[in-house]
Amino acid sequence: MTHEHSEELPHTHGQGVTQAPLPGSEALETIEGAWLRIESRPEKVYAAHYDALPFPHAVSHQELAFDLGLTAMAGDLKLNGLILRLYAGHQLLLEQRWNAEVLRKQTGEDDLTISAGSGLRVGPVVLMLHGHAAASLVDVVAVARRANGETVEARLQMPVFYPQSKTQLDFPLRGAWWCIQAADWSDMHKRELYSQPYALDFVRLNATNGFFSGDGQTLESHASWGQPVYAAAGGKVAYAQHDMPDMPPGLQPDPRIYRDDPRRLLGNAVAISHANGEFAYYAHLQQASLAVREGELVRRGQLLGRVGNSGQSPGPHLHFHLMEGPHLMIDQGLPVRMRHFTAGGQWFAEPVFIPTRMIVVGAASALESSA
Ligand SMILES: [Zn+2]
């Protein structure tokens, strides 16, 4: 949030919280105290509502993630706590109170002092809840203490949106794959860029349902290695990176190979523009395996490249995410639903969320027949 707000210094009481309008009232209120300011990244929160899951009896649930930035405006502050509330209209769905101990874990900082003019990141804040009305607002109150012991507060209210992707996505792999990370479980993607909170990671299962044979030290022993990756939907190749080395499993590359370009963390990758504002990313592909080039138009089901272990990847796997624009650092990720796969013996012709730990079997015939 970057509101201009001229409040006189010094603000002595920090009573703004009790004076703020209740959630659901017309104006979203940001109390930017003279001492403490709070902002979020992203500014509007995109939530996922997992109402279509392959498990027939799974309870519908929802999830949202964001970062908070706290800035000490006029003097040193020590952060005491955060109060997080999630509302559906006026109805309080969830309240969490994070004390200093929780905040130390969340920030990785032993000392929660924010020196004057500097800031502290708290994140990711991940809220998940089951079987409720869709959230409409996140309300955050941060409480800090001045050097003289006085308590000051800042408040932020963020609208919550439930974006529906416009792109019809087919499962982009063939054979049996374990979804090792999906949006509904792991926080790992949520610790990265906000284009990726709803990313999926898939690992191929071999004939004995393992990821690899032997001790898994070689790339070739991994069932994922070299597996073909197909376009989940048609579009234009907006980005194609092909020259990054594949690392032995478990080894991280010299960070200099990223050249300060965050796209390179995703290794060899293809991004496809779907001509509706949405971009799909296929990442950690095998070096020199790309079958498409930038600017090329691709059909649904067309071969893009092969699964590799390039960039920041612990072992061969496919990373997939969908985002609402081309920029990894700015555009937000969209919840991903896919179709045309088998899971638990059932064929999914319509898009559903793929939950973490689900085994998904991609079918060649479906990919080819749906072009
Ligand atoms: Zn990933």
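In the predicted model, strand S16 pairs with strand S19 (residues 318-323) in the antiparallel sense, over 5 bridges. Phe279 stands opposite Met323 of S19 in this pairing. S16 also pairs with strand S15 (residues 268-273), again in an antiparallel arrangement and with 5 bridges. Here Ile272 has Ala280 of S16 as its bridge partner. S15 and S16 form a hairpin with 5 residues between the strands, and within this hairpin Ala275 adopts a positive phi near 65°. S16 is mostly covered, with 7 of its 7 residues buried.

In soluble globular proteins, nonpolar side chains tend to be buried together. Ala142 illustrates the packing: apart from neighbours within four places in sequence, Ala142 is in contact with Leu36, Ile38, Leu70, Leu79, Leu82, Glu153 and Ala154.

Tyr87 stands opposite Leu92 of S5. The two strands of this hairpin have 2 residues between them, and Gly89 in the turn shows a positive phi of about 60°.

Across the protein chain, the secondary structure comes to 3 helices and 24 strands. Of the 371 residues in the chain, 42% are buried. Among contacts between residues at least 6 apart in sequence, 72% join residues at least 24 apart.

Asp201 provides a polar example from the interior. Asp201 is placed in strand S12 and counts as buried because 23 C-beta neighbours lie inside 10 Å. Leaving aside neighbours within four places in sequence, Asp201 is in contact with Ile180, Gln181, His317 and His319. Ala183 lies 18 residues from Asp201 along the chain, and the C-alpha atoms of the two residues are separated by 9.6 Å.

Most residues other than glycine have a negative phi, and most peptide bonds are trans. A cis peptide bond, with omega about -5°, joins Arg41 and Pro42. Pro42 lies in the loop between strand S1 (36-41) and strand S2 (45-50). Another cis peptide bond joins Gly123 and Pro124, with omega about -5°. Pro124 is found within strand S7 (residues 119-130), whereas Pro42 belongs to a loop.

Positive phi values also occur in residues other than glycine. Asn209 has a phi near 65° and is found in the loop between strand S12 (200-204) and strand S13 (228-230). Asn209 counts as exposed because 10 C-beta neighbours lie inside 10 Å, and the cut-off for this class is 12 or fewer. Ala288 has a positive phi of about 60° and lies in the loop between strand S16 (279-285) and strand S17 (297-298). With 13 C-beta neighbours inside 10 Å, Ala288 is therefore partly exposed.

The average pLDDT is 87, and 87% of the residues score at least 70. Over residues 1-29, pLDDT stays under 50, and the model has 49 contacts beyond four places in sequence for this stretch. Residues 366-371 also have a pLDDT below 50, with 13 contacts in the model beyond near neighbours in sequence. Where pLDDT is low, the predicted coordinates should not be read in detail.

Technical notes
Residues are numbered from 1 along each chain as its sequence is written. This is a predicted model: local features need pLDDT of at least 70, side-chain atom pairs count only at pLDDT 80 or more; totals for chains, interfaces and linings use all residues. pLDDT is the predictor's confidence in each residue, from 0 to 100. Two residues are in contact if their C-beta atoms, placed from the backbone, lie within 7 Å. Helices (H or I, at least four residues) and strands (E, at least two) are DSSP runs, numbered from the N terminus. A residue is buried if 20 or more other C-beta atoms lie within 10 Å of its own, exposed if 12 or fewer, and partly exposed in between; C-beta atoms are placed from the backbone. Two strands pair if DSSP finds at least two bridges between them.
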